[in-house]
Amino acid sequence: AFGIQPARTAGWTTTPAPNARFRRSTATMGKVIEALTEKHAAFIAKMPVFFVATAPASVEQRVNVSPRAPGTSCVVAGPHTVYWADLSGSGCETAAHVLENGRMTLLFVNILDGPPMMLRLHGTAKILLPDECDAELLARFPDDITQSKGFRSVYRLDVARISQSCGYSMPVLTLDRYRTTLEEHNQKTDMEAYRTLKNCFSIDGLPSVMLLKDAATELGPSPEEGYVFARPLRAFDFGGRKQAADRHSKLRASAARDHHTITVATAPAASCSVKTTTSAATKPLLLIPHIFTFLLGILVCLAAQRYAGLC
């Protein structure tokens, strides 16, 4: 009966960790587990916060770790499968890395009363947009996430390795409350415009979740304020518009074929090009936009000269 989650408790405050001496034991402090069980599902649901780690393919780009809450937003669907629901934020690193290579690790740490434990789930993730999730799946998440304006996506993690370690040095905390600031922000914000601006490219310029939307066909990366925002391309930037349209169509095609696991070339932040193979027969076609732009420039120059002669 995976997915039957205990009720979420209210709020939390810190309390001193109890002093305790652990008896000597021949048991190992860490172990690999064959499969997730209902016990693990209950443990995950009880945690007030968990952590998501992802990384890009290039060593020159940045690794990311993000907190997520509550534990009930992550449900165990089977011995090697979990889903977790995602709310919008100012960044989109997790989605960008998953679209590039799919790698993901989830970390759950018992910071409440009870036996110390840390649970790590290593695997390959895929992204589902809200309209791609069936009602049965959505019903397993808290309503305050799936009914929020900030509800962005659901991740499916196919778990390849499950490990459990002690967590003996972790503090013991008492839940006080969850902050409501994010939901208050979402309620007064145009979330589609916000996500389009901030959730199309990672800080390294990798394509991210909002580029899967059909409306993102003419957006380009714009490095600003330490982030890479999405901005509309100029009306006569034919080369840029073609690159954006090609990138979008390839992202969508790859997503449909590979269930939202997309391979992106390791490129500078401003280019964000998708790795493709171009045949010799199609290469001349790629010159058409540049030829058109060149001819348009000549026409503009001739018109300017004629105008100057009339004056």
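Analyst: Let's start with a term: a residue is buried if its relative accessible area is under 20%, exposed if over 50%, and partly exposed in between, using a 1.4 Å probe and protein chains only. Helices (H or I, at least four residues) and strands (E, at least two) are DSSP runs, numbered from the N terminus. This is a predicted model, where local features need pLDDT of at least 70, side-chain atom pairs count only at pLDDT 80 or more, and totals for chains, interfaces and linings use all residues. Residues are numbered from 1 along each chain as its sequence is written, and side-chain values use heavy atoms, with hydrogens and water left out.

The part I'd pick is helix H2, residues 93–100. Eight of its eight residues are buried, so the rest of the structure largely encloses H2. The buried set is Glu93, Thr94, Ala95, Ala96, His97, Val98, Leu99 and Glu100. What do they pack against? Taking contact as heavy atoms within 4.5 Å, the partners are strands S3 (50–54), S4 (64–68), S6 (81–87), S7 (103–109), S8 (118–128) and S9 (151–165). Just after H2, Gly102 takes a positive phi of about 80°.

Now for how some of those strands are joined. Two strands pair if DSSP finds at least two bridges between them. S3 and S7 run antiparallel and are joined by three bridges, with Phe51 opposite Leu107 in S7. S7 also pairs with S8, again in the antiparallel sense, over seven bridges; here Met104 stands opposite Gly123 in S8.

Rings of Phe, Tyr and Trp (its six-membered ring) pair if their centres lie within 6.5 Å; planes under 30 degrees apart count as stacked, over 60 as edge-to-face and the rest as tilted. Searching the whole structure turns up four aromatic pairs. In one of them, the ring centres of Phe50 and Trp84 are 6.2 Å apart and the planes sit at 85°, so that pair is edge-to-face. It links distant parts of the chain, since Phe50 belongs to S3 and Trp84 to S6, 34 residues apart. Both Phe50 and Trp84 are buried, and together with Phe108 and Tyr155 they form one aromatic cluster.
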